[in-house]
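Here are some notes to read alongside the model. Please keep the sequence and the 3D view open as you go.

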Amino acid sequence: MTNEVKISTKNVDVFYGDNHAIKDVSVDILKNTVTAFIGPSGCGKSTFLRCLNRMNDTIDSCKITGELLMDGEDIYAKSVDPVQLRAKVGMVFQKPNPFPKSIFDNVAYGPRIHGLVGNKTDLEEVVETSLRRAAIWNEVKDRLDAPGTSLSGGQQQRLCIARAIATAPEVLLMDEPASSLDPIATAQIEELIDELRNNYSVVIVTHSMQQAARVSQKTAFFHMGDMVEYGDTTAIFTNPVDQRTQDYITGRFG
Amino acid sequence: MISMTELSKIHNSPESAARLKKRRAAEWRLKAYGIMAITLAGAALVTLMWSVVGKAAGAFTESYITLPVYLAADEIDPDGTGERAIIGRANFGGVTKDALKDAFPFVKSRGDKRAMYDIISGGAAFELRELTMADPAIIGQTIDFRFLASDIADLYLKGSYGDLVEQNAGGTLTVQSDGKTAVVTSSTTDFAFVMARVKSDLLAKAAFNRDQAALQENGRAVFTQRGDLDEAAKREAARDRLLGVAEELEARAALDGGREALDKNSPSVLVRMGETWVKLTEVSATGGEGKIIGVLDSGVRAAGDWQVYLQDLPEASRKVSDLQIVLIENLRSAGAVETVFSKRFFMAGDSREPELAGIWGAAVGSFWTMLVTILLAFPIGVMAAIYLEEFAKKNWVNTFIEVNINNLAAVPSIVYGLLGLAIFLGFFGVPRSAPLAGGIVLAVMTLPTIIIASRAAMAAVPPSIRDAALGIGASKLQTALHHVLPLSMPGILTGTIIGMARALGETAPLIMIGMVAFIVDVPTGVMDSATVLPVQIYRWSDFPERAFEARTSAAILVLLVFLIFMNGLAVFLRKRFERRW
């Protein structure tokens with residue numbers, strides 16, 4: 001864990017039409033750190049996560065104000081191409097969503113469209129590295145031609161992580177990546193996240209406070225669109241400042 | 001406050017059981033309606049196919065008449081050049097007629113000769129010409145040539161005008177001939193069947209007259225009641241006259257023996273003695289008098305040397321005359337007639353002569369038209385769908401476009417024909433009657449179908465796939481082309497083929513742009529004049545010649561085969577491209 005800021009956000013507000021979804025949120029995402037966003041359903045943590053790689057752009061009615069900087073550059077500046085941004089800020093979704101293509105093509109898709117590698121050998125190497133990093137290589141190395149959809153849920157999610165890693169991002173956003181997985185697969189993913197921290201800034205949205213406590217170094221607690229509290233994970237879980245945080249982590253609501 | 005424990009007791013009550021029974025009954029009823037509906041639809045389909053296939057059968061065979069034909073050198077190629085151009089100019093129609101005259105020298109009068117020529121198709125002379133041009137060595141020889149039978153001869157041979165039925169005849173026939181007419185007398189009542197037929201006709205006529213008389217009687221009663229005695233007297237006179245006629249007819253029918261005349265509205269009775277026939281114009285129970293067809297001397301024919309035939313359909317009600325029947329029957333007895341599978345129907349273009357008309361021209365026209373349609377409609381439709389589904393923002397302009405695309409799918413197809421006439425033909429100067437024009441119009445007509453189907457297919461692609469692609473930095477276009485489009489391809493192809501199938505069966509818009517023309521040549525490209533299958537069906541169904549009836553049904557079958565093929569292709573492609581996620 002360093003104190004170098006990768007993404008800094010200040011006074012971010014998000015509106016879906018008339019619905020004020022995120023209210024004046026300021027969070028700094030640090031390099032080589034796992035940051036967890038926790039909070040009850042509908043508190044805006046996923047929305048905020050999607051602001052970081054401009055996935056909210058696909059929603060017509062969504063309006064974002066405030067300052068979001070990555071490496072000091074405005075994410076929402078006119079000059080920034082969201083396609084370029086998303087190549088640098090990878091994302092893993094709540095539900096495993098592999099393409100209905102082969103395992104190899106799933107992982108190779110990102111490097112191909114971004115022109116990361118020049119020849120087939122390099123591409124194969126990138127695919128292998130990504131699959132190894134996602135801790136799924138041993139399970140799929142003999143059937144890279146099999147469709148990605150033929151894998152089990154946990155394997156699919158790791159494949160999606162491999163796919164996100166393959167584009168060589170700097171930040172990895174994970175939207176409840178283990179919510180549809182069993183405890184064994186969850187443990188594998190968590191181990192993986194811890195591993196990934198060495199190379200990336202990881203932001204993870206989770207419903208599970210134990211998970212947040214296990215994997216993250218920083219935690220932000222969201223409630224009703226407000227970012228209630230942000231700090232070191234140990235501090236949040238042992239000594240929360242705000243009453244709402246205390247209530248939530250002790251299971252009084254949410 | 002409702003107690004849930006109390007509520008749960010309802011599940012075991014008799015009311016609940018009754019409700020359950022009602023639900024089951026409703027379910028059963030729905031199933032029964034469904035089965036009924038499917039049975040009805042199936043029955044309708046079977047009936048349709050039965051009728052079409054049954055009627056079409058005649059179009060798949062054609063008849064030939066083999067006659068020796070002398071290819072006189074001085075008529076065809078007097079200088080013996082052997083050049084195609086010179087042979088091609090010769091009068092093969094005359095050669096064909098000569099062949100018939102040689103086969104039936106007894107046919108003398110102009111009308112009879114014309115009837116005789118009519119048993120051979122006008123196209124046969126062209127085939128003889130082709131043969132001679134291909135092999136000039138046969139000039140000067142007499143060859144056996146297979147002349148294509150005309151439509152009426154063909155229909156007669158296929159039994160469309162009813163059969164010539166041989167009757168029992170066991171007597172000895174005495175013939176008194178004056179060369180043109182003959183009186184034939186049998187030793188027994190071999191012609192009683194004709195008299196019975198004629199007498200039953202007389203009784204039917206008498207009954208009709210009696211019905212008419214009854215109407216007049218009603219009129220008389222009414223006018224008498226009203227006091228209009230003049231009018232009543234008129235009715236009475238009419239009644240008596242009709243009754244008189246009826247009585248006379250009944251008397252004729254009751255009379256044993258007697259002679260009755262046979263005219264064009266009576267069944268034809270033909271007496272056959274080898275190659276010579278007598279067509280009776282007057283008949284009694286034992287014989288009759290009639291016109292000789294062939295050459296006949298007076299004499300006596302033993303039983304078995306002569307036959308008597310009845311053709312039930314009166315001559316006035318059929319296209320094929322008694323003379324033609326006699327000539328065809330003589331040819332058939334000589335083994336000169338054959339009915340074979342008709343390749344011509346599948347290989348030839350349109351013709352005014354039913355026996356020469358084929359479906360190939362229309363099929364090729366349909367092919368070119370469909371080619372233009374799919375080349376225009378598929379890319380434009382899919383691109384429009386991609387734009388509307390993946391790129392267009394939700395604003396009123398796009399909503400307006402969307403609503404109007406849906407409306408266009410319901411616009412009557414003839415309106416597209418008017419559009420094509422005004423814009424493509426009138427403004428852009430696309431040639432009339434060409435597959436290009438038809439293809440453009442049908443493409444415009446098919447576009448909404450393709451767009452709607454493609455959009456539905458794209459909308460069915462899970463958003464998670466789009467998220468996944470966008471999430472790793474694919475652009476919108478890459479997402480659409482790499483992921484959404486391949487996944488929606490089965491639906492797009494299905495929609496496209498259904499649209500194409502509709503276009504293939506479309507007649508109305510093509511009427512407007514002149515594809516209803518009579519086009520003999522098979523089109524060789526999109527700029528040639530052409531017609532299409534449904535238009536061909538429409539035109540043939542309108543032609544007066546009876547032989548076109550079979551060809552209409554056969555063309556319907558060909559169109560159905562095309563449609564089944566296209567739908568099969570749609571199913572195949574859907575299965576082939578189907579991917580699960």
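The points below start with conventions and then go through salt bridges, helix packing, a surface patch and some loop residues.

1. This is a predicted model, in which local features need pLDDT of at least 70 and side-chain atom pairs count only at pLDDT 80 or more, while totals for chains, interfaces and linings use all residues. Residues are numbered from 1 along each chain as its sequence is written, chains are lettered from A and ligands numbered from 1 in the order in which they are written, and side-chain values use heavy atoms, with hydrogens and water left out.

2. Let us begin with salt bridges (a side-chain nitrogen of Lys or Arg within 4 Å of a carboxyl oxygen of Asp or Glu). Over all chains, the count comes to 38 salt bridges. One of them joins the side chains of Asp154(B) and Lys158(B), at 2.6 Å from N to O. Asp154(B) is buried at 8% relative accessibility, and Lys158(B) is partly exposed at 28%. Here buried means under 20% relative accessible area, exposed over 50%, and partly exposed in between, with a 1.4 Å probe and protein chains only.

3. Lys234(B) is exposed, with a relative accessible area of 54%, whereas Arg235(B) is partly exposed at 26%. Helices are DSSP runs (H or I, at least four residues), as are strands (E, at least two), and they are numbered from the N terminus.

4. A network of salt bridges links Glu217(B), Arg220(B), Glu236(B), Arg239(B) and Asp240(B).

5. Next comes a helix pair in chain B. Helix H13 (residues 360-391) and helix H16 (residues 435-459) have axes that come within 6 Å and cross at roughly 35 degrees. The axes are lines fitted to C-alpha atoms, for helices over the stretch in contact, and angles run from 0 to 180 degrees between N-to-C directions. By class, the contact of H13(B) with H16(B) has 22 nonpolar, eight polar and three charged residues. In this count Ala, Val, Leu, Ile, Met, Phe, Trp, Tyr, Cys and Pro are nonpolar, Asp, Glu, Lys and Arg are charged, and the others, Gly among them, are polar.

6. Most residues other than glycine have a negative phi. Arg54(A), however, has a positive phi of about 60 degrees. Arg54(A) sits in the loop between helix H1 (45-52) and strand E5 (62-70) of chain A, and is buried, with a relative accessible area of 11%. Ser433(B) also has a positive phi of about 60 degrees. Ser433(B) belongs to the loop between helix H15 (413-427) and H16 of chain B, and is buried at 9%.

7. Is Asn239(A) buried or exposed? Asn239(A) is exposed, with a relative accessible area of 57%, and lies in the loop between helix H9 (233-238) and helix H10 (243-249) of chain A.

8. Finally, Leu7(B) is in helix H1 (residues 4-9) of chain B and is partly exposed, at 37% relative accessibility.
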